[in-house]
Amino acid sequence: MIINKLKINIMLALIAINIILLKNKQEIINNNNKKNEILFINTKSSNSGLFSSKDYWENRYAKGGNSGVGSYNILAKFKAEIINNFIKQNNINTVIEWGSGDCNQLSLINYKHYIGYDVSKTAIDICKKKFFNDSTKAFIHLNDNITNHNRAELSISLDVIYHLVEDNVFNIYMKNLFDSSNRYVCIYSSNYNKPTDNHVKHRKFTSWINKYLSINWKLKEYIPNKYHIIINLNIS
């Protein structure tokens with residue numbers, strides 16, 4: 001039943017960036033016996049070769065670039081509205097984000113306690129400077145020497161998965177994303193396989209979840225993205 005339900009929602013997600021909610025089936029000890037759940041917001045990732053997504057983003061931020069169109073204006077407000085409501089309704093106190101970027105999206109969301117990871121040291125420095133006086137937020141440069149031991153009620157991935165063109169990077173990222181959550185996971189990404197340019201690779205990430213995590217997680221809800229036309233025209 002879980003697989004069938006996922007397939008139905010994936011069909012709807014092929015042409016747009018949408019939101020999918022999944023719920024964990026196992027009880028979590030030391031978490032008031034609450035079941036883990038996963039919130040998916042669906043969006044968009046070609047080549048593997050010698051391309052390095054880590055180097056691409058470091059160079060982009062170092063040259064004055066930003067996190068892209070999805071982290072600004074109406075798309076950023078769309079995500080913020082949904083996540084803020086979800087946090088409030090589910091009494092979320094702790095959050096880990098995998099790919100904090102330049103933190104413009106972060107500035108619109110009301111997290112109580114937040115840890116942001118990013119592969120770009122320049123981006124991490126930008127965020128530290130922007131939130132210098134905010135003790136509720138911490139930013140960590142995700143390099144080869146960092147092993148994540150932090151866990152939160154909600155782990156988040158926004159506009160990241162379709163930028164992970166290397167398969168090994170994608171697999172490690174997904175494992176970290178789920179391992180760092182003890183209640184919910186939120187993903188904003190496309191959900192179909194289609195290569196495009198050198199820094200974008202669309203992936204059907206729910207296939208990865210079905211393969212490795214279907215025993216523990218199931219679909220909870222699916223929320224369409226009302227701005228899919230803008231997204232299809234402005235992937236960056």
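Student: Which residue of strand 4 does Thr94 stand opposite?
Tutor: Thr94 stands opposite His113 in strand 4. Helices (H or I, at least four residues) and strands (E, at least two) are DSSP runs, numbered from the N terminus.

Student: What kind of model is this?
Tutor: This is a predicted model, where local features need pLDDT of at least 70 and side-chain atom pairs count only at pLDDT 80 or more, while totals for chains, interfaces and linings use all residues. Residues are numbered from 1 along each chain as its sequence is written, and side-chain values use heavy atoms, with hydrogens and water left out.

Student: Back to strand 3. In which sense do strand 3 and strand 4 pair?
Tutor: Strand 3 and strand 4 (residues 113-118) pair in the parallel sense, over 5 bridges. Two strands pair if DSSP finds at least two bridges between them.

Student: And how many bridges between strand 3 and strand 6?
Tutor: Strand 3 and strand 6 are joined over 3 bridges, in the parallel sense. In this pairing Glu97 stands opposite Ile156 in strand 6.

Student: Why is strand 3 called largely enclosed?
Tutor: Because 4 of the 5 residues of strand 3 (residues 94-98) are buried, the rest of the structure largely encloses it. Buried means under 20% relative accessible area, exposed over 50%, and partly exposed in between (1.4 Å probe, protein chains only).

Student: What joins strand 4 to strand 5?
Tutor: Strand 4 is joined to strand 5 (residues 137-141) by 5 bridges, and the two run parallel. Tyr117 stands opposite Ile140 in strand 5. From strand 4 the chain crosses through helix 4 to strand 5, in a right-handed β-α-β crossover. Right-handed here means that, with the strands pointing away from the viewer, the path from the first strand over the helix to the second runs clockwise.

Student: Now strand 7. How many of its residues are buried?
Tutor: For strand 7 (residues 181-190) the count is 10 of the 10 residues, so the rest of the structure largely encloses this strand. Strand 7 pairs with strand 6 (residues 152-158) in the parallel sense over 6 bridges. Leu154 stands opposite Tyr184 in strand 7. The chain gets from strand 6 to strand 7 through helix 5, and this β-α-β crossover is right-handed.

Student: Asn182 then, buried or exposed?
Tutor: Asn182, found in strand 7, counts as buried at 19% relative accessibility.

Student: Switching to helix 2. Which residues are buried?
Tutor: In helix 2 (residues 53-62) they are Ser53, Trp57, Arg60 and Tyr61. They cover an arc of only 90° around the axis (taken from the directions from the helix axis to the C-beta atoms), which puts them on the same side of helix 2.

Student: What covers them?
Tutor: The cover includes helix 4 (121-130) and helix 5 (167-179). Between helix 2 and helix 4, Glu58, Tyr61 and Ala62 meet Lys121, Thr122 and Ala123. Contact means heavy atoms within 4.5 Å.

Student: At what angle do helix 2 and helix 4 pack?
Tutor: Helix 2 and helix 4 pack at about 50°, with their axes 7 Å apart. Axes are lines fitted to C-alpha atoms, for helices over the stretch in contact, and angles run from 0 to 180 degrees between N-to-C directions. The two helices are therefore oblique to each other. Angles under 35 degrees count as roughly parallel, over 145 as roughly antiparallel, 65 to 115 as roughly perpendicular and the rest as oblique.

Student: What follows helix 2?
Tutor: Gly64 follows helix 2, and its phi is positive, near 95°.

Student: What about the phi of Asn73?
Tutor: Asn73 has a positive phi of about 55°, and it is not a glycine either. Asn73 is found in helix 3 and counts as exposed at 57% relative accessibility.
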